[in-house]
Amino acid sequence: MSAGSGPHHEGPYQLPDRNLGLDLMRATEAAAMAAGRWAGLGEKERGDGAAVDAMRQVLAGVQMQGVVVIGEGEKDEAPMLHNGEHLGDGTGPEMDIAVDPVDGTTLLANGMPNAIAVIAAADRGSMFDPRDVFYMEKLVVGPEAAGRVDVTAPVEETLRVVAEAKGGSVSDVTVGVLDRPRHGRLIDRLRAAGARITLFPDGDVAVAIAVARPDSGIDVLMGVGGTPEGVITACALKAMGGEIQARLYAADDEQRRRALAAGHDLDRVLGHDDLVTSDNTFFVATGITDGNLLPGVRYSGGGARTRSLVMRSRSGTVREVSSDHALDKMLRHVGVTVTDDERQ
């Protein structure tokens with residue numbers, strides 16, 4: 001081919017660099033398929049343990065120098081990915097890792113919607129440390145309302161802004177709220193304002209991310225949920241657009257004392273740049289049970305189909321990945337077996 005022939009490019013073509021998220025997806029897929037066998041069986045710990053085993057085996061071969069910043073708080077006899085654990089093969093980028101092999105263990109045990117396997121990653125030292133403060137008041141909106149809301153504003157004002165941003169009325173807005181007694185007054189105010197409510201029992205990562213996804217049926221998330229889940233959500237929103245605002249929440253005097261002793265400001269409003277300072281973030285989730293964000297694992301004749309989301313903030317890429325697996329081969333490859341006897 002002559003020098004002047006072929007397609008014209010403005011400047012040299014740059015090959016994309018390695019997307020760590022695609023490697024991390026193999027770990028969430030393995031966790032989802034291992035855990036999904038326990039869906040509806042009432043075995044919360046065993047389902048979670050199966051997911052942990054599968055995820056750890058896959059992550060050991062990923063080219064990164066990862067440290068778990070958000071995982072299980074303490075290491076004990078139970079299988080878990082604990083805070084401070086090193087993940088990866090010791091090569092590649094240095095990353096903070098937030099991991100939840102089963103976000104929604106109760107959902108999994110009861111066969112309920114929105115259980116997912118989740119990993120988030122960001123440059124080393126960039127994730128907010130949620131130590132000594134377990135909860136935060138959250139407001140999550142999609143791209144349309146980003147930059148226009150305020151977590152300190154009255155609920156009614158937030159509903160008006162979201163409705164206006166979406167080109168509708170307050171009666172068109174659906175709010176996701178974690179089903180907890182502490183949210184009784186919030187629910188009353190939302191209903192009095194005319195908004196619709198979706199109560200969910202657990203798994204606020206899936207619902208928070210669904211807010212920023214088109215056609216999920218949820219327009220905004222409000223209420224108090226887990227601080228670690230807020231950091232994971234921030235990693236995703238940096239790729240998707242949308243916004244999270246949060247304030248750390250102390251349920252009682254003891255929690256307040258511990259938070260203040262750790263140096264936290266309970267009045268400070270935290271945005272996604274406070275929760276994750278890096279602009280190089282990854283978010284990966286694979287559905288375990290059907291939900292607002294993703295379909296769950298489908299099993300058939302020794303095979304399985306998974307659906308995953310893979311997000312990268314630096315490129316703004318959001319991939320939806322459907323994968324077909326030879327389940328027995330895949331689980332043997334990562335050193336995990338789940339027999340019928342183990343599930344009885």
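How many bridges join E5 to E9, and do they run parallel or antiparallel? I found 7 bridges, with the two strands antiparallel.

Ground rules first. I am working on a predicted model, where local features need pLDDT of at least 70 and side-chain atom pairs count only at pLDDT 80 or more, while totals for chains, interfaces and linings use all residues. Residues are numbered from 1 along each chain as its sequence is written, and side-chain values use heavy atoms, with hydrogens and water left out.

**Sheet.** I looked up Lys138 and found it opposite Ala246 in E9. I then traced the open sheet of 5 strands: the order is E7-E6-E8-E5-E9, with mixed pairing. E7 (196-200) and E9 are the edge strands, each pairing on one side only. Strands here are DSSP runs of E, at least two residues; helices are runs of H or I, at least four, and both are numbered from the N terminus. Two strands pair if DSSP finds at least two bridges between them.

**Largest pocket.** I noted about 1,100 Å³ of space. A pocket is an open set of points on a 1 Å grid over the protein atoms alone, where a 1.4 Å probe fits, with protein on both sides within 12 Å along at least five of seven lines; lining residues have an atom within 4 Å of a point. Volume is the space filled by probe spheres set on the points, which are joined across faces, edges and corners. Of 42 lining residues, the closest to the centre are Gly71, Glu72, Asp100, Pro228 and Glu229. E3 gives the most, with 5 residues.

**Second largest pocket.** I logged about 390 Å³. Its 20 lining residues include Glu137, Val155, Leu186, Arg189 and Gly223, the closest to its centre.
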